[in-house]
Amino acid sequence: LSPYNYERIEVVLKIIQAADENVGAFSISQAMGLLQHLKSYKRVSPPSDVENTYLLENGLLPNPLSNSRLPFHLLMQTKHFWKIISPELSEEAFPTLLLISKLMKVSLDKLYMSAANHVFEKKMKPLILEQRKKGQGHGYNKETVKVAKTMMKYIQCIQSLEWAAATAHRITQELPPGLEKTQSLRFCLGLGEVWLKDPNLEEAARARGETFLSKLKLQFQRSATENMLMSSQLSSPEHLKLTGLPARLIMALYEHSSVEQRYRETLGQSFPDIHAAVKEIATINNVDLGKIRNMLLEKWICKTGPAVTKEIGNQDCVANIEEDPDLMRVVYMLQSYPVDYAMRLLNPILSAETWPLSSSGPRLTFCHRTRVLFCLIRLADAATLEAQLQIPRSKFEYYLKSYIFVSQLEALNIPYTVQSFLSSPKEGLVKGLWKNHSHEPQAVRLVADMCLEYQVYDSQLWNSLLQKLLGFNLVSHLQKVLEAIVAVPTLWEISSFSRTWRSMILAPFVSASVPLSPDQQAMFYRTFVLLLKCPFLLNLDLIGIANRFAQFSLPAFALGTLLLIPCESKKAQQIQGFLSMCNPVAVLEQVDECMNTGELAVIPSQIRETVLRFISQNGQHQKLMKTKHFNDLKQLIVSSGHPSQVKELVECLIRQNCHDDADLLTREYLKHREHQRGKTLSNGSLSQDCLKEFLNMTNGVSG
């Protein structure tokens with residue numbers, strides 16, 4: 001009989017059943033039940049090699065029914081059962097295949113395992129790959145969740161918990177990194193935990209289960225951590241390498257560059273939520289976040305750790321939190337806690353002898369305490385600080401300065417407390433410090449700062465002080481000092497005053513080299529600021545200084561220097577010669593890039609206007625035509641009101657085939673001219689061909 005001819009098979013079975021014959025090879029009722037299931041089922045896979053071999057061995061011809069029917073005989077011989085059934089697996093066919101499997105008394109666990117694997121291969125895997133291509137790999141997807149639930153339903157039906165866990169784990173291993181893998185590992189963990197709770201589990205199986213669960217937990221933690229980094233936009237290669245080291249990863253996240261950027265470039269920028277990422281990673285990995293926080297506070301406040309090569313006592317104690325990335329990190333990290341908690345954490349450090357947040361912390365210095373005070377002032381409001389620190393809010397800045405000075409005295413091995421410093425006469429302290437420590441650069445800087453802060457303006461002291469600052473080449477510090485003492489006319493008369501100014505303005509030109517580093521560029525900017533504030537400006541060789549700026553590719557600063565020349569005719573001659581030799585676009589670009597701090601008052605706009613007038617007067621409009629500066633040039637020419645200059649620019653636009661721009665320029669000029677005459681013109685009152693009329697007018701044909 002053909003295994004696909006259900007009709008003839010049914011006839012034979014009924015005959016045997018009617019004869020009440022005892023057939024030992026198979027059960028008649030089982031065979032009749034199988035046949036009924038097969039009659040209602042339409043196969044979806046092509047005939048297998050096993051079926052073709054069976055037909056050949058039994059001398060049967062191929063039957064076209066094999067395309068829509070499953071082979072009865074081979075399903076009755078259960079050794080070939082899975083080779084026939086497995087290709088048929090699908091969600092639609094599963095109920096019928098389950099009934100057949102139950103009837104044939106085969107392993108239902110194997111059926112559920114095969115069904116789960118089938119759903120993964122045919123549905124889940126293609127779906128995830130498609131999402132990855134679209135860049136949707138790190139969030140929930142409704143379709144993926146639906147397929148995952150089907151897969152989990154099959155796995156949960158497996159009676160052997162070891163098989164269930166193994167099936168889920170095998171599928172998980174093939175998933176790419178992302179939310180699906182993390183969720184799948186979580187599901188595996190649940191199965192493994194249920195497996196180990198079985199009281200009848202043999203010792204060998206329990207040992208296997210514990211090893212499996214231990215490895216699985218680590219894998220889940222790494223996957224969940226990796227997924228958190230990806231979803232938080234923190235998945236740099238450096239961070240991904242640390243997914244197995246959660247404590248080090250949390251430390252690295254708090255040292256992410258975005259922490260500093262929040263304090264410097266907050267306008268319109270979005271930053272990753274490091275607090276949320278850290279909290280989630282700590283939960284996933286069961287890490288003590290408080291312990292890590294205390295370690296980081298010690299590292300950042302006390303400057304401990306392998307990366308720090310100097311003792312903090314030998315460094316400058318910061319005068320501003322924005323100067324120290326570590327203090328920015330302290331403030332950012334503690335902003336995730338309530339203010340009163342942060343206060344309780346940091347306040348004891350101000351009076352403790354050793355680091356109070358660990359049993360083996362370093363000895364505390366006033367520099368450490370100063371750093372803590374900076375953080376407290378940034379973290380808490382005035383009322384909280386006043387209540388906790390017992391300092392009037394009007395005195396916060398005064399006390400902070402005192403802490404800074406005491407920490408700097410401590411670095412020179414001069415013992416002071418804040419209270420003894422506050423009560424000591426400052427002029428006597430400064431002079432004593434100068435007498436004993438004027439040979440130390442750090443002490444010289446401290447004397448200068450204290451003299452400025454407490455208004456100690458002794459001429460003899462300042463004369464020596466300026467010479468020492470210059471002698472120790474403390475250029476950046478000396479620049480700040482000179483800018484401050486300009487406001488003290490009594491110091492102008494000391495012999496080293498004018499010499500120090502001249503030296504400070506010229507010093508950067510001696511030490512710098514092209515191309516300039518960012519630090520050297522900043523130094524030249526400060527030099528230009530110093531030049532603008534110099535009380536002996538008329539005694540300086542401004543042309544020579546301008547030439548030096550030009551040599552270091554700083555044309556905007558060079559032109560700004562020439563604008564300071566007091567003699568108008570000499571100034572005009574020098575500017576004309578300078579602009580004819582340099583690229584005006586480079587000057588304008590440099591004004592935008594380097595002179596946008598607001599500190600230079602009207603100088604940047606004067607430089608810009610000087611360049612634009614030179615371009616207009618010399619007919620060099622085309623140099624700016626495709627730059628952002630062209631609109632500035634048009635506005636200048638229109639507002640100047642010279643028809644000849646407007647005409648030159650209009651003709652330049654026409655030569656460049658910019659007729660619309662030329663027409664717009666003439667309209668703006670005519671409206672501006674009429675406005676100056678006390679009239680107001682609307683666009684509608686202007687002739688449609690006002691460009692032609694303007695050109696005729698300027699050529700003397702009409703008007």
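Contact, in these notes, means heavy atoms within 4.5 Å.

**Ground rules**

I'm working from a predicted model, where local features need pLDDT of at least 70, side-chain atom pairs count only at pLDDT 80 or more, and totals for chains, interfaces and linings use all residues. Residues are numbered from 1 along each chain as its sequence is written, and side-chain values use heavy atoms, with hydrogens and water left out.

**Entry: S424**

I looked up S424 and found it in the loop between helix 22 and helix 23. Helices here are DSSP runs (H or I, at least four residues; strands are E, at least two), numbered from the N terminus. S424 has a relative accessible area of 13%, so I log it as buried. My cut-offs are under 20% relative accessible area for buried, over 50% for exposed, and partly exposed in between, with a 1.4 Å probe and protein chains only. Leaving aside neighbours within four places in sequence, S424 is in contact with Y416 and L429.

**Entry: the whole chain**

I then stepped back to the totals. The chain has 37 helices and zero strands. Of its 703 residues, 46% count as buried. Among contacts with a separation of 6 or more, 63% are between residues 24 or more positions apart.

**Entry: nonpolar cores**

I use "nonpolar core" for a set of buried Ala, Val, Leu, Ile, Met, Phe, Trp, Tyr and Cys residues joined through side-chain atoms within 4.5 Å. The largest one has 137 residues, and Y254, L346, M450, W462, L466, L531 and F549 touch the most other members. Helix 21 supplies the largest share of this core, eight residues. There is also a second, separate core of 64 residues, which includes Y41, V50, V147 and L189.

Not counting residues up to four places away in sequence, W462 touches A448, C451, L452, V456, Y457, V481, I485, L491, I494 and S496.

**Entry: helix 21 and what follows**

Helix 21 covers residues 396-411, which is 16 residues. From first C-alpha to last it reaches 23 Å, close to the 22 Å expected; the expected span is 1.5 Å times one less than the number of residues.

Which residues of helix 21 are buried? I noted F396, Y399, L400, S402, Y403, I404, F405, V406, S407, Q408 and L409. Their cover includes helix 19 (366-379), helix 20 (382-389), helix 22 (418-423), helix 23 (426-437) and helix 24 (441-453).

N413 follows helix 21 and sits in the loop between helix 21 and helix 22. Its phi is near 65 degrees, a positive value in a residue other than glycine. N413 is exposed, with a relative accessible area of 71%.

Background for myself: most residues other than glycine have a negative phi, and most peptide bonds are trans.

N473 has a positive phi of about 60 degrees and is not a glycine. N473 lies in the loop between helix 25 (459-471) and helix 26 (475-485), and with a relative accessible area of 56% it is exposed.

V514 and P515 are joined by a cis peptide bond, with omega about -5 degrees. I placed P515 in the loop between helix 27 (495-511) and helix 28 (518-533).

**Entry: two helix pairs**

For axes I use lines fitted to C-alpha atoms, for helices over the stretch in contact, with angles from 0 to 180 degrees between N-to-C directions.

Helix 11 (residues 203-231) packs on helix 15 (residues 274-285) at about 170 degrees, axes 9 Å apart. That makes the pair roughly antiparallel; angles under 35 degrees count as roughly parallel, over 145 as roughly antiparallel, 65 to 115 as roughly perpendicular and the rest as oblique. Q221, A224, T225, M228 and L229 of helix 11 meet A277, E280, I281, I284 and N285 of helix 15. This contact divides into six nonpolar, three polar and one charged residue.

Helix 18 (residues 339-346) and helix 19 pack at about 170 degrees, with axes 11 Å apart, so helix 18 is roughly antiparallel to helix 19. V339, A342, M343 and L346 in helix 18 meet V372, C375, L376 and L379 in helix 19. By class I logged eight nonpolar, no polar and no charged residues.

**Entry: K623**

Where is K623 found? K623 is in the loop between helix 33 (603-617) and helix 34 (630-640). At 40% relative accessibility, K623 counts as partly exposed. Not counting residues up to four places away in sequence, K623 touches P584 and V585. K623 and V585 are 38 residues apart along the chain, with 7.4 Å between their C-alpha atoms.

Methods. Ala, Val, Leu, Ile, Met, Phe, Trp, Tyr, Cys and Pro count as nonpolar, Asp, Glu, Lys and Arg as charged, and the others, Gly among them, as polar.
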